[in-house]
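I opened my notebook to keep track of what I look up in this model.

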Amino acid sequence: MWTYEKKLQYPVKITRTNPKLAQLIISQYGGPDGELGASLRYLSQRYSMPYPELKGLLTDIATEELAHFEMIGAIVYQLTRNLSRQEIEASGFDKYFVDHTAGIYPVAASGAPFTAAYVQSKGDVLTDLHEDLAADAATAKEQPPFRKARKPLI
């Protein structure tokens, strides 16, 4: 059972919209290596753990991933709130906006919606833990640097 504190784990206070940045960050929300998949992966895999401590650990990790999911949603919302039609069209955010307007929807940056196929749970302790390490490594890889912007992105 969870106790939900009605605040973000880390406050998100973005004052300027930036739909182009939101299009990249949305993948961390509902993409193949995003927080939604991670939280479901750990919650699903906990059942096959042979020791209560391991079950508890995976539940703790899943809870942390859900907190990340909430923060990423807040980031995307704040980057896209109150956009004008011109901002939506100029940024390329129109493809997302047509289906979801400014709603936060679990989707990859490519536009592919979240799918349960992103979640692996084989019921074998070593296989599941190996998959967890691989999934976390995918999000920890150093990404190519973006061009330096003249103004801060957020």
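First, a word I need: helices here are DSSP runs (H or I, at least four residues), numbered from the N terminus.

Ground rules: residues count from 1 along each chain as its sequence is written. The model is predicted, so local features need pLDDT of at least 70, side-chain atom pairs count only at pLDDT 80 or more, and totals for chains, interfaces and linings use all residues, while side-chain values use heavy atoms, leaving out hydrogens and water.

Is G92 buried, exposed or partly exposed? I found 23% relative accessibility, so G92 counts as partly exposed (buried is under 20% relative accessible area, exposed over 50%, partly exposed in between, with a 1.4 Å probe and protein chains only). I also checked P19: its C-alpha atom is 8.0 Å from that of G92, though the two are 73 residues apart along the chain.

Most residues other than glycine have a negative phi. N82 is not a glycine, yet I read a positive phi of about 60° there. N82 sits in the loop between α3 and α4 and is exposed at 73% relative accessible area. T101, also not a glycine, has a positive phi of about 45°. I placed T101 in the loop between α5 and α6 (125-140), and at 44% relative accessibility T101 is partly exposed.

**Helix packing.** Which way do α2 and α3 run relative to each other? The axes of α2 (residues 35-45) and α3 (residues 52-80) come within 8 Å and cross at roughly 160°. Axes are lines fitted to C-alpha atoms, for helices over the stretch in contact, and angles run from 0 to 180 degrees between N-to-C directions. That makes α2 and α3 roughly antiparallel (the cut-off is over 145 degrees; under 35 is roughly parallel, 65 to 115 roughly perpendicular, the rest oblique).

**A ring and a charge.** Last, I found the charged end of R46 over the ring of Y47, 5.0 Å from its centre. To count, NZ of Lys or CZ of Arg must be within 6 Å of the ring centre and within 35 degrees of the ring normal.

How values were computed. Helices (H or I, at least four residues) and strands (E, at least two) are DSSP runs, numbered from the N terminus.
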